[in-house]
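Look at the sequence and the model below. The text that follows goes through aromatic pairs, a cavity and salt bridges.

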Amino acid sequence: NTSEALVAQFATLYADESAGLLIEIVVPIGDYSELPTLELNASVVASGVSIVAESAPAHEQRRLASSSGDATISSSQVTLTPKAGHQLIRTLPGAPNLRLRRLTLQGPVHVNGSHVDFDECTFDGGSATEGGALAVVDKGVVEANACSVTRNSATKGGAVLIDGGRGAFGNCRFEQNSATDGGSALHVRSTT
């Protein structure tokens with residue numbers, strides 16, 4: 001099971017052999033569903049963590065580029081989906097910096113008192129009470145570049161909720177997000 005392999009790789013971030021290292025997890029193209037919440041906390045011994053989508057082979061990239069102008073081709077994506085009702089990723093105070101690159105995230109990400117960078121990620125179809133795609137709370141810091149945030153829903157902050165944290169979104173697109181009580185795209189309660 002590919003999801004089990006990803007969870008096992010994530011567990012190594014807590015193991016002694018990762019102590020002090022910058023760890024990069026390269027995720028092969030495919031769908032990873034029914035994932036438990038992937039959590040980074042102060043017990044992680046790696047000094048930094050990157051989770052990066054594997055690139056399609058060069059010959060496939062050329063073929064895909066010539067067959068369509070659309071940059072997102074489902075056969076060359078890494079899609080991460082949590083178990084129903086779970087957060088996909090949660091970071092807590094004391095966690096090392098986390099960087100996510102070229103991933104499709106189909107569940108909420110909760111950044112609490114830690115730092116997460118998103119590059120070329122797609123947040124699609126997440127749902128939560130607060131922050132359908134992303135919640136940045138209690139001195140959390142998020143920097144997102146060239147991300148797409150679509151079809152997420154929540155009571156507050158359909159796409160993003162910021163409460164006591166900080167978010168920077170460069171060249172990001174927010175579309176078709178919904179919130180029943182404030183901020184379809186962005187709900188800011190307070191910032192640091």
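**Aromatic pairs, a cavity and salt bridges**

Phenylalanine 123 has a relative accessibility of 3% and therefore counts as buried (under 20% relative accessible area is buried, over 50% exposed and in between partly exposed, with a 1.4 Å probe and protein chains only). Phenylalanine 118, at 0%, is buried by this rule. The model is a predicted one, in which local features need pLDDT of at least 70 and side-chain atom pairs count only at pLDDT 80 or more, while totals for chains, interfaces and linings use all residues. Residues are numbered from 1 along each chain as its sequence is written, and side-chain values use heavy atoms, leaving out hydrogens and water.

The whole structure contains two aromatic pairs (rings of Phe, Tyr and Trp, the last by its six-membered ring, with centres within 6.5 Å; planes under 30 degrees apart are stacked, over 60 edge-to-face and the rest tilted). Phenylalanine 118 and phenylalanine 123 form an edge-to-face pair, because their ring centres are 5.0 Å apart and their planes stand at 65°. Phenylalanine 169 and phenylalanine 174 are also edge-to-face, with centres 5.7 Å apart and planes at 75°. Phenylalanine 169 is partly exposed at 29%, and phenylalanine 174 is partly exposed at 31%.

Rolling a probe the size of a water molecule over the atoms shows where empty space is left. The search finds one cavity of 30 Å³ or more (on a 1 Å grid over the protein atoms alone, a set of points where a 1.4 Å probe fits but cannot get out; lining residues have an atom within 4 Å of a point). The volume of the largest cavity is about 40 Å³, taken as the space filled by probe spheres set on the points, which are joined across faces, edges and corners. Its lining includes Phe123, Phe169 and Phe174.

Side chains of opposite charge can pair when their charged atoms come close. There are eight salt bridges (a side-chain nitrogen of Lys or Arg within 4 Å of a carboxyl oxygen of Asp or Glu). One of them joins arginine 189 to aspartate 163, at 2.8 Å from N to O. This pair links distant parts of the chain, 26 residues apart: arginine 189 lies in strand 20 (residues 186-191) and aspartate 163 in strand 17 (residues 160-170) (strands are DSSP runs of E, at least two residues, numbered from the N terminus). Arginine 189 is partly exposed at 36%, as is aspartate 163 at 22%. Through shared partners, salt bridges join Glu130, Asp163 and Arg189 into one network.

Key. 1 Å grid on protein atoms, 1.4 Å probe; cavity = no way out; pocket = protein on both sides within 12 Å on 5 of 7 lines; lining within 4 Å. Helix = DSSP H or I, 4+ residues; strand = E, 2+ residues; numbered from the N terminus.
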